[in-house]
Every structure is written in structure tokens, then in C-alpha cells.
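User: I'd like to learn how to read a model like this one, feature by feature. Can you walk me through it?

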2 protein chains.
Amino acid sequence: MSLLQTVKVLGLGAIALGLSGELLGWLQRRLRPARARPLNEVLFFPSEPACMEHLLMPHAQYRCSCPLSHDVETSFSRLLRHLLSASNTLDLCVFSFSNMDLSRAVLTLHKRGLTIRVLTDQPFTKMTGSQIGVLRKAGICVRVDYDAVHMHHKFAVVDGRRLITGSLNWTLQAVQSNKENILVTEEPDLVRPFVQEFQKLWDSSDPAKHCVPPC
Amino acid sequence: MSLLQTVKVLGLGAIALGLSGELLGWLQRRLRPARARPLNEVLFFPSEPACMEHLLMPHAQYRCSCPLSHDVETSFSRLLRHLLSASNTLDLCVFSFSNMDLSRAVLTLHKRGLTIRVLTDQPFTKMTGSQIGVLRKAGICVRVDYDAVHMHHKFAVVDGRRLITGSLNWTLQAVQSNKENILVTEEPDLVRPFVQEFQKLWDSSDPAKHCVPPC
């Protein structure tokens, strides 16, 4: 090969290399947003009434015959799906907890063997319909905030990376009647502070550190 | 210039072009995240007690001499700063509104000529300390949700692009005593649904469309 041909090949090779690099970079930039964009979803309530049995008993043999709509996607079914998506841990920090479907979702996760921690405010634990006793009896680790002021949070962290938070208390009225909101996000800048705050509140509610009434 | 030299120049030019393209692309990718990353901030309460006069009366001649800490950044001062950052509009959708500092912030924005809309739940409008009457008397457009169920939201949208939402009711107790959270975000996927929900609730609370008690 003559020198002229060698230089030609080198020149064309460099052009091809440059163009390939550009093409690869462009493809990488086009594909990245779709893969890396964190989950962000907003749910508004009241939720349309619908049957949730297909989510809470997905392996049941019978088909629910209640008069509610079936297999309809609602704000509440989305909320349940996000909770039931947990595969490892669920940290729950709720002011009041009396919604039986949400309780069933937590119990389902417990039966699957997930590590579940529930932190709640004292005044609501003994109210009619509270699910806190049900969770405790099932063996779920529950801690109670006995401070005189309200522990008014209503958030959950799924697998340490999916935050579910908003105005919605975990009651039937909040889901079926009130105007409420829930944000579901995997944005690390929003999730991280809630993970840290949960741990702080969990540690400060350790019954071994405090005199729990009656004492 | 001989053919050999021409080809050499072309070859080297192509290499330079390819490398420059790569370099520019790399620089673009390095700089983009810093510029395009949307605001995401989490505030936890109770907020440390501190004087807010420097935010609410920034042009006052006197220096506040109250016994509280001054010029300290707290969750509440961050919340006030986000509200006071409004330059065009403020849409406010709050279950209860009795916090006087938050009321002063809204009145400050009103005096600056911003377009403010306040939507609130009926039962709390007549409670002692409610700021709804104060805002109305100042000429701020207020609508009331008279539905029997609760309008339990507690969110604000600043300039149609910054969402402030969480568990925190706009009361003194929520700010100073309770364990609460506030998210501040400019993530479009989170802000957009709240902008739409506000407009929907605002339209449905138009007094011209409804029989407002007493009627």
C-alpha cells in the first residue's frame, strides 16, 4: 500500500470513528431519559368506588361477585398497587390507620416475608376500627409516638426507594369521601429525606428508651 | 499543495472535527444536569422557633428586638421564602388557615400585585383565628368548598410551576408543634396534576354556580 493510500485510509477511518462516536452519543442521550427518569405520579381522591379483591386476593379461586365495579383502575387501586409492589421492606408512618383494605395490603406483604415497620400516633391507636392492633397481632413491628403533639405524617417508603406521601390519612373516609392527594415518587432528592426522617422517628419511639404508659 | 498533503490535511481535519464533536457533547452532558435539574426540597416540622420579621418586613427601618433567634434558616423560613418567591400568581388550596405569618406572607404578595386565589374548606372558615376573613377583607379572591366531606388538601402552586404540598395544615400548631412534612418541587410531572386539580376545584366552587348558604 502506497503512502497516499495509507493516509487516505487513515483519514477515512478517522471520519468514520468521529461519526460513530457522535452516533453512539446521540443514541445514548435518546435512550437515557426513558430509562433513568424516576417514577413520579399523583393520585387524587375521593377514589371511584371499585372492588379491590383482584389485588388483595389475586390467587383466589373464586371471582368476587360484589356489586362494585371490577378490574377498574382507580386512585385507590393505584395506591394499593404501589404498596403491593414492595419486594423487600415497607416503612409506614401514619397518623391514623383504620382503612381495612390498606391493612390487608400490609398483612399481605407481611405474609410474603417482607420487613415491615409501622410508626403511628398514640391517640388513634385505640379508636374504633384502628388497624394497629390487627397488625400487631399478626406479628408486625409497630411503634407508637406518645408525644403530646401530633405525629401527623402519612407516608410510606417502599423498598427504601419509592415514597408514597400526601394529605390522605389511612382511613375509609379519606379514600372514599374527602378531597385528598397522594404523591408517589422515586426522585432520590425527595425520597432520601423521608428515609432519614423515618429512621429518626423510629429510633426516638423505641419503647426500650422510654417510659411507655402505663408505667 | 500536493495531493498527499491535501489528503493529510483532510485526514487530520476529520480527526480534529470528530474529537471536537465528542468534546462538545461531553461538555454539554456535564453541564446539562446542573442547569436542568428541577427543584426538589423536603422540609420537616416542627420548625425551630425563630423570628420571621426579616422575611415579612424586609424593608422595615427597625430591627426586630424580640427574644427569638434572628436570621436563622428553619423549615418555616424556607417555607415562607418559597411562598414569597412568587412573582406572578399564587394558588392556594388549604383545609385550614390560621397561621398569621403565612397569612402575612400571602398579604405581602397581594400588596405586590400578584394574582392570588385561595380555596378552603367551609368548617374552618368561621373558627377562631381563621385568616380567611382577613384575606377576603384585603381583597383577595377566596372560594369556599361547601361539600359535606372534607376538602383536606394543603397545597400551594407558586407561579404555576412550584408546588408546595404535604401533611402540614396552615396552622400555628402544625408549624410549631406537630411532626409534619412539606415537599417543594418543580418536577413538571408532579406540578402539572396539582395545577389541573386546583382549576377543577376552583371552577366547581364558583359561587355563581351554586346555592351558597344561607340561600
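Analyst: Let's begin with domains: their bounds come from an automatic or database domain assignment. Keep in mind that this is a predicted model. Here, chain A splits into domain 1 (1–35) and domain 2 (40–209).

User: What separation do the centres of domain 1 and domain 2 of chain A have?

Analyst: Taken over C-alpha atoms, the two centres of chain A are 52 Å apart.

User: Now the sheet. How do I read strand pairing?

Analyst: The general idea is that strands of a sheet pair through backbone hydrogen bonds, either parallel or antiparallel. In chain A, 7 strands make an open sheet with mixed pairing, in the order β1-β7-β6-β5-β2-β3-β4.

User: Which strands of chain A stand at the edges?

Analyst: Those are β1 and β4 (141–145) of chain A; each has a single partner strand, so one side of each lacks a neighbour in the sheet. From one strand to the next, the twist averages 10°.

User: Can you show me some pairs in detail?

Analyst: Take β3 (residues 115–121) of chain A: it runs parallel to β4(A), and 5 bridges join them. Across that pair, Arg117(A) sits opposite Cys141(A) in β4(A). Over in chain B, 6 bridges link β2 (residues 89–94) to β3(B), again a parallel pair. There, Leu90(B) has Ile116(B) of β3(B) as its bridge partner.

User: Is strand β3 of chain B largely enclosed or left open?

Analyst: Of the 7 residues in β3 (residues 115–121) of chain B, 5 are buried, so the strand is largely enclosed by the rest of the structure.

User: Which residues touch the most other members of the largest nonpolar core?

Analyst: Val106(A) and Val106(B) do, in a core of 86 residues. Setting aside neighbours within four places in sequence, Val106(A) contacts Leu90(A), Leu92(A), Ile116(A), Leu135(A) and Ile140(A).

User: And how do I read the contact between the chains?

Analyst: As general background, the size of an interface is often given as the accessible area lost when the parts come together. For this model we can go by residues: chain A gives 40 residues to the contact and chain B gives 40 residues. The elements of chain A that each supply at least two residues include β5 (154–158) and β7 (180–185). The largest share on that side, 13 residues, belongs to α1(A). Sorted by class, the side of chain A touching chain B holds 18 nonpolar, 14 polar and 8 charged residues.

User: Where does helix α8 of chain B lie?

Analyst: Helix α8 (residues 188–204) of chain B lies across β1 and β7 of chain A, at about 25° to β1(A).

Notes: Residues numbered from 1 in each chain as written. Chains lettered and ligands numbered in written order. Predicted model: local features only at pLDDT ≥ 70, side-chain atom pairs only at ≥ 80, totals over all residues. Contact = placed C-beta atoms within 7 Å. Helix = DSSP H or I, 4+ residues; strand = E, 2+ residues; numbered from the N terminus. Nonpolar A, V, L, I, M, F, W, Y, C, P; charged D, E, K, R; others polar. Core = buried A, V, L, I, M, F, W, Y, C linked by C-beta atoms within 7 Å. Buried ≥ 20, exposed ≤ 12 C-beta atoms within 10 Å, placed from the backbone. Pairing = 2+ DSSP bridges. Axes fitted to C-alpha atoms, helices over the stretch in contact; angles between N-to-C directions.
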